[in-house]
Amino acid sequence: MTATTETGPLITAEMVDLTLEAPDKDTATRHLAEMLVAAGRITDLEGFLADVRAREAQMPTGLEGGIGIPHCRSEHVTVPTVGFGKSDAGVDYGAADGPAHLIFLIAAPAGADSDHLKILAALARRLVRQQFKDTLRAATDPAAVADYIRTEVTP
Amino acid sequence: MKFVAVTSCPTGIAHTYMAAESLEQAAAEAGHEIVVETQGAGGSERIDPAVIAAADAVIFAADVEVQAKERFAGKPTVTTGVKGAINNGPGLIAQAQEAAKAAPVGAAAATPTAPAGGSGGPTLASKVSEGDSWGTKFRQWLMTGVSYLIPFVAAGGLLIALGFALNTIAVGDQGYLVTDAPPVTEQFSAGNLSDWAALCFQIGGLVFGFIVPVLAGFIAFAMADRPGIAPGFAAGAVAVAVGAGFLGGIIGGLLAGALVMWLKKVRLPFALAGVWTVVVIPLVGSLVIGGVMFLLLGKPIASLQDGLTNWLEGLTGGSIVLLGVILGLMMAFDMGGPVNKVAYFFGVASLTTSLDTGTDTGLQIMAAVMAAGMTPPLALALASTLRPKLFTPSEQQNGKPAWLLGASFITEGAIPFAASDPLRVIPSIMAGSALTGGLVMAFGSTLQAPHGGIFVVPFIGNPWLYLVAIAAGMVLSAFLVVAAKSTKKAEQQLVEAEVAAGIVPVSS
């Protein structure tokens, strides 16, 4: 177990796409993952996507209320990170009540210790708060979205 | 009301916390208190035992096994997956409320570890209170093993029975028995019904091979959580290899669980903890328990079996009814274990000799052996049908296939009953099988096939009296089991253990 020593904000404007359009969840997840690669958070795109798919295969990560949370712990992740995509048309993440409009790609380093994972736990808790979801649905500016998420999950 | 909850999911970074948040929100909205333990990837902070003791009900919103579940023993429980909690927190809180109300008065407070005499305090984690409920814990461990065992008994047993049935339809009393069919890897044609019979029979046999390992593995799991599984399965597999049967599996599972409980007490730096539970404990546990089982049980069992076989051979010249009684006792004692095997193979050997020499004694012996092996599952099926309240819900479920398993001479159908309450069940079924074995001999029924139950009726000589003998033993055993389980103490233990093992969520 190598505890990660790198740090960085959970999300920045370059990891937000408010006009995400994709025919299926694999494409949507790949698109979000490419943003994280560009931001230097993921070292190996294909390896990371394989880890996400493995998790997704256990049970779809779509949740009622139009939320998709593809996620995994992966050795190809350097810093706990979330990529956010908003899709007006929606992307099917396997939820019973329809496609996801808010998609969070949650990436956790495999060797991270509990302190590093706390921020992701805080994020996960926000995802079931109505106000958090409403704010993101109404958002129009990527930088504002990244700021909002970071502020919300600050311990 | 006060609730406690545990949430956990495969990855442990998202759903675990979402479920926790959802439950906390829902509880707050409904005016209840809740403390949630998030068993996520970052490790978890255990709920204070005092908080658990004060809780009215427990919610498990978990897609992976709840760790240290025994802390919540005896509480009204609602069980669901993490998504259930995320999507419908208020519904779950309402269910927990119902469960708390439905629980017997005082049950919420009277955990099995709550001190009867007022000493020790309600700390579930402390050793003292664990000692208080030793008997209850023991039964919880067995019942956990049994609850995982039942699907294997049902699937394997019914496949074997289906194999017998199909083969009877396909070939009647002509052609070979399904037990003699070549492996389906060598011979299988889709148009041939007896090949399908062989396929069912052979798959069923393989599934049956898991009975003892699954029992041992999940007994160890109940004692020591996930690190116990591999050593437990290893103990069970060695029990199979040395022919120790399900009793050997229970002993092995208990030993493995105890060893792993002890190994888990070793405190390690965080960096080593993962390797310790995932690699070192399974490795050391499997080696030690497997070694102990092989070296200490292997030879004694083999010589016990030799001794019993010689003894049976010596009895052949004497009273044949007495021989039937003894074979009956042996068949029911350990259902597929070493003693049962001796009796069964003695029957098969006698059958072979008789078929070669054209005498009847061996055919009678085989008949007694099969009849005595049919009564235990039938008796327990009967008892659990007549008096379902004396059996746990999972036992009641097992009672249904047990009819067919017994009728097919699959004695293992009684194992779930025997494993969860050995001291009451085993003597009862031994008595009935002894009666059946003796009666078959007295009636002079014969059997020219080594296996198959009612599906080999064409091979049974004097079949009506044969069925009378089986019915007599079945009724006697069922009566004795019901009587043994009807004591106040037995009923009390039953409820405690089943609820505490978390096998039956007390939800509406």
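In helix α14 of chain B, B:Q364, B:A367, B:A368, B:A371, B:A372, B:T375, B:P376 and B:A379 meet B:I429, B:G432, B:S433, B:T436, B:G437, B:V440 and B:M441 of α17(B). Two residues are taken to be in contact if their C-beta atoms, placed from the backbone, lie within 7 Å. Helices (H or I, at least four residues) and strands (E, at least two) are DSSP runs, numbered from the N terminus. The contact of α14(B) with α17(B) comprises 9 nonpolar, 6 polar and no charged residues. In this division, Ala, Val, Leu, Ile, Met, Phe, Trp, Tyr, Cys and Pro count as nonpolar, Asp, Glu, Lys and Arg as charged, and the others, Gly among them, as polar.

The model is predicted: local features need pLDDT of at least 70, side-chain atom pairs count only at pLDDT 80 or more, and totals for chains, interfaces and linings use all residues. Residues are numbered from 1 along each chain as its sequence is written, while chains are lettered from A and ligands numbered from 1 in the order in which they are written.

Two packed helices are described by the angle between their axes and the distance between the axes. For α14 (residues 361-386) and α17 (residues 422-443) of chain B, the angle is about 150 degrees and the axes are 8 Å apart. Axes are lines fitted to C-alpha atoms, for helices over the stretch in contact, and angles run from 0 to 180 degrees between N-to-C directions. The crossing of α14(B) with α17(B) is right-handed; a crossing is left-handed if the near helix is turned anticlockwise from the far one by less than a right angle, and right-handed if clockwise.

Chain B also contains an open sheet of 4 strands with parallel pairing, in the order β2-β1-β3-β4. Strands pair if DSSP finds at least two bridges between them. The edge strands are β2 and β4 (77-80) of chain B, each of which pairs on one side only, and the twist averages 15 degrees from one strand to the next. Strand β1(B) (residues 2-8) is largely enclosed by the rest of the structure, because 6 of its 7 residues are buried. A residue is buried if 20 or more other C-beta atoms lie within 10 Å of its own, exposed if 12 or fewer, and partly exposed in between, with C-beta atoms placed from the backbone.

Strand β1(B) is joined by 6 bridges to the parallel strand β2(B) (residues 33-38), where B:E33 is the bridge partner of B:K2. The path from β1(B) through α1(B) to β2(B) forms a right-handed β-α-β crossover, a term used if, with the strands pointing away from the viewer, the path from the first strand over the helix to the second runs clockwise. A further 6 bridges link β1(B) with β3(B) (residues 57-62), also in parallel, and B:F3 stands opposite B:A57 of β3(B). Between β3(B) and β4(B), which run parallel, there are 4 bridges; B:F60 has B:T79 of β4(B) as its bridge partner. Helix α1(B) lies across β1, β2 and β3 of chain B and runs at about 175 degrees to β2(B). Helix α4(B) (residues 89-102) packs on the sheet, touching β1, β3 and β4 of chain B, with a direction at about 150 degrees to that of β4(B).

Two loop residues of chain B have a positive phi without being glycine. For B:A68, in the loop between β3 and β4 of chain B, phi is about 50 degrees; this residue is partly exposed, with 15 other C-beta atoms within 10 Å. For B:D225, in the loop between α8 (211-224) and α9 (229-241) of chain B, phi is about 60 degrees, and B:D225 is buried, with 20 other C-beta atoms within 10 Å.

Chain A has 5 helices and 6 strands, arranged along the sequence as β-α-α-β-β-β-β-β-α-α-α. Of its 155 residues, 48% count as buried. A:D24, in the loop between β1 (16-17) and α1 (25-38) of chain A, counts as exposed because it has 11 C-beta neighbours inside 10 Å.

The contact between the chains takes 21 residues from chain B and 22 residues from chain A. On the chain B side, α1(B) gives the largest share, 5 residues.
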